Amino acid sequence: MDSNAAIEVRHLTRRFRQFVAVDDVSFDVRRGEIFGFLGSNGAGKSTTIRMLCGLLKPTSGSAIVGGIDVTRDPEGVKRRIGYMSQRFSLYELLTVDQNIRFFGGIYGLDDAKLGERRAFVVEMAGLTGRESTLARDLAGGWRQRLALGCAILHEPAILFLDEPTGGVDPLSRRQFWRLIDTLSQSGVSVLVTTHYLDEAERCHRVALIHAGRLAAIGTTSEVKRVFADRPILEIRADNPVEAMRQLDTFPEIEKTSLFGTAVHAVLRDSRVNAEDVGARLRAGGSHVLGIAPVAPSLEDVFLDVIDRVSDSGHSERAQRRESREGATASEPRERSGGGAPASERVGESAGPHERATASEPRERSGGGAPASERVGESEGRSPSEKK
Ligand SMILES: Nc1ncnc2c1ncn2[C@@H]1O[C@H](COP(=O)(O)OP(=O)(O)OP(=O)(O)O)[C@@H](O)[C@H]1O
Ligand SMILES: [Mg+2]
């Protein structure tokens, strides 16, 4: 194992019956690194995290977390890591103080240590004076910070945060990320999933996962290099959908996507002239308000890798199916919202933060960033998009 790697994942795979939720995923997370896990709903992020936390058995592959093999010693992993689950992180009917004490008990802290850590968490989360408030009565930002505090009571060197800021306002998200930065600076490795692109930009490295597969990995600048030889033009027009329809007929344009009211057109060749494209759009009847090259955003990268993985996945899956069933042209099983139905769910096991029997899952309201800033929350693009 690389002495600098806090997490080492090799060919990690998880099936739920025939459905492959995590498909041959390999990556490392370094000591003190903030590693962002990005992907659409159902991409396999939580399933990966649950395997790394020792909560779910991998079907195959390996993962070493803090020097411990998750398959051989899942309990050992659980003791050494902090985990904020996507579904549940606090007991709603317990107060701030009771939640801290409860989780301190789970992590086996003695009274002296608990007192010290309790003071730290209350201070860190800005909860001074709110110790007797029920968790369910806390506003979103405080809840998330308390949940984070409960996850780090035992001072773990590795922290898994599964969509910690879902539904939280932008200011609270910033505060939360300052805490993540502080933890990282103190040497804690943080693997965090998010649908917010501004948060992804704050990660040292990101991994994009789609349909269970790792589609890209690197710093945000590195993953944007997929566009090194394919410039992107941003086009503003009176009727963007019509402009997109026209652009889709231009041979030098690989694909188009709608970004809010603008169109992003990926060019096949870096020599294409923006003015020339604009002139042809105007000649075709579009009222073009502006056209200029634009630096790729993470959202561009995200859409691009999804296209590539989907294309290769389609042909590979089709081949597998053909060889298995002798089928010819059947569609691959649709993945969005897919997987096994809830009634078929298997292999679930509860960890410290998932032993929630009496509490409701965390409410996931649609607050936070506008849809245009999120990645993979829905299909993320216009149905008329060209591929
Ligand atoms: N216990 C289970 N039994 C069957 N299928 C499952 C189980 N857990 C997850 N899945 C399926 O595996 C796929 C990946 O789910 P996962 O929760 O890992 O996605 P995710 O990337 O975390 O998505 P989101 O952004 O919505 O949280 C989904 O299709 C899901 O329905
Ligand atoms: Mg998830």
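**Note on a helix pair, a hairpin and model confidence**

1. In this predicted model, helix H5 (residues 140-151) and helix H6 (residues 170-185) have axes that come within 9 Å and cross at roughly 15°. Because angles under 35 degrees count as roughly parallel, H5 is described as roughly parallel to H6. The crossing in which H5 passes H6 is right-handed.

2. The H5 side of this contact consists of Gly140, Gly141, Gln144, Arg145 and Leu148, which meet Ser172, Gln175, Phe176 and Leu179 of H6. By class, the residues of the contact of H5 with H6 comprise three nonpolar, five polar and one charged.

3. Strand E9 (residues 205-210) and strand E10 (residues 213-218) run antiparallel and are joined by five bridges. Within this pairing, isoleucine 209 has leucine 214 in E10 as its bridge partner.

4. The two strands E9 and E10 form a hairpin, with two residues between them.

5. As to confidence, the protein chain has an average pLDDT of 83, and 79% of the residues score at least 70. Over residues 315-387, however, pLDDT stays under 50. For that stretch the model has 108 contacts beyond four places in sequence. Where pLDDT is low, the predicted coordinates should not be read in detail.

Definitions and conventions. Residues are numbered from 1 along each chain as its sequence is written. Chains are lettered from A and ligands numbered from 1 in the order in which they are written. This is a predicted model: local features need pLDDT of at least 70, side-chain atom pairs count only at pLDDT 80 or more; totals for chains, interfaces and linings use all residues. Axes are lines fitted to C-alpha atoms, for helices over the stretch in contact, and angles run from 0 to 180 degrees between N-to-C directions. Helices (H or I, at least four residues) and strands (E, at least two) are DSSP runs, numbered from the N terminus. Angles under 35 degrees count as roughly parallel, over 145 as roughly antiparallel, 65 to 115 as roughly perpendicular and the rest as oblique. A crossing is left-handed if the near helix is turned anticlockwise from the far one by less than a right angle, and right-handed if clockwise. Two residues are in contact if their C-beta atoms, placed from the backbone, lie within 7 Å. Ala, Val, Leu, Ile, Met, Phe, Trp, Tyr, Cys and Pro count as nonpolar, Asp, Glu, Lys and Arg as charged, and the others, Gly among them, as polar. Two strands pair if DSSP finds at least two bridges between them. pLDDT is the predictor's confidence in each residue, from 0 to 100.
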